[in-house]
Amino acid sequence: MGIYISRPFLFFKKLKKLKRGSEKLARNNGHHHKNLTEEEMQNIKCPYCGADTVFVDDSIVYGQSFGMIYLCKNYPECDAHVGVHKGTNVPKGRLANKELREYKKVVHSIVDNFWRDGIMTRREFYAWMAKQMQMPEEEAHVAMFDVEQCQKAIRIFEENKELDIPVSALNNMFKKYFAYSKIHYDLLGEYECEFMFKMKNMLAKGITPTKSQQYYSFKCYKMLMARVNQVEYGNAAA
Ligand SMILES: [Zn+2]
């Protein structure tokens, strides 16, 4: 019985997902990611050994296919490669070797927290990141970072207490914090909650918290989100 009831629902859910996917693809193809010409593809070189690259399925590297990549012709001696924007032959950034790929993973795990749970949009985050890193917006994408820029991003977003979070994002952060605090009262630290309440009221009066207050607010927020994730999904990651 259950199967007959659940199937139409699943079908529509799947259809919706498919539609979203193709709209996204069309958007990507249409505006931001025009396919490269044959000549442009041939101009993509390995930044480590200077060799040409080949456009191949990534199962060569991963043993399982996830999509197409540009791979250094000297593979496996040099294993630099880069993925492409879905449905195109446009590389997501520069070719990365293992060291750089590891760095990028770390940067993503830090910075994605800023936009993934909705205190700012992805676009807002990247514009803000460009400002914090003092680089042009069109270059401020983790995929385009080299090792040095990754290290800089880690310094700024993980260790630096001088973050200047946009007011709209601060507002969203407090809104989310207190929305979750109503559901997960037992997960709140007393001191944290008091501090957050003070900051929220300050902001409501039009006073922007200092940078170190922002830093601790964000820290309190992240701690609560980590506990909520743990309870709701059994997931230790924030
Ligand atoms: Zn190479």
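## Surroundings of Cys220

Cys220 touches Glu192, Phe195 and Met196, leaving aside residues up to four places away in sequence; two residues are in contact if their C-beta atoms, placed from the backbone, lie within 7 Å. This is a predicted model, in which local features need pLDDT of at least 70 and side-chain atom pairs count only at pLDDT 80 or more, while totals for chains, interfaces and linings use all residues. Residues are numbered from 1 along each chain as its sequence is written.

Cys220 lies in helix α9 (residues 211-233). Cys220 counts as buried because it has 20 C-beta neighbours inside 10 Å. The cut-offs are 20 or more other C-beta atoms within 10 Å for buried, 12 or fewer for exposed, and in between for partly exposed. Gly189 is 31 residues from Cys220 along the chain, and their C-alpha atoms are separated by 8.7 Å.

## Overall make-up

The protein has 9 helices and 3 strands. Helices (H or I, at least four residues) and strands (E, at least two) are DSSP runs, numbered from the N terminus. Along the sequence, the pattern is α-α-β-α-β-β-α-α-α-α-α-α.

Of the 238 residues in the protein, 18% are buried. Among contacts with a separation of 6 or more, 50% join residues 24 or more positions apart.

## The sheet

The 3 strands form an open, antiparallel sheet in the order β1-β2-β3. Its edge strands, β1 (53-57) and β3 (81-83), each pair on one side only; strands pair if DSSP finds at least two bridges between them. Neighbouring strands are turned by 25 degrees against each other on average, direction ignored.

Strand β2 (residues 68-72) is joined to β1 by 5 bridges, and the two run antiparallel. In one of these pairings, Thr53 has Cys72 of β2 as its bridge partner.

## Helices α4 and α6

The axes of α4 (residues 98-116) and α6 (residues 147-159) come within 9 Å and cross at roughly 25 degrees. Axes are lines fitted to C-alpha atoms, for helices over the stretch in contact, and angles run from 0 to 180 degrees between N-to-C directions. The two helices are therefore roughly parallel, a class for angles under 35 degrees; over 145 is roughly antiparallel, 65 to 115 roughly perpendicular and the rest oblique.

On the α4 side, the contact includes Tyr103 and Ile110, and on the α6 side it includes Ala153 and Phe157. By class, the contact has 11 nonpolar, no polar and 3 charged residues. Here Ala, Val, Leu, Ile, Met, Phe, Trp, Tyr, Cys and Pro count as nonpolar, Asp, Glu, Lys and Arg as charged, and the others, Gly among them, as polar.
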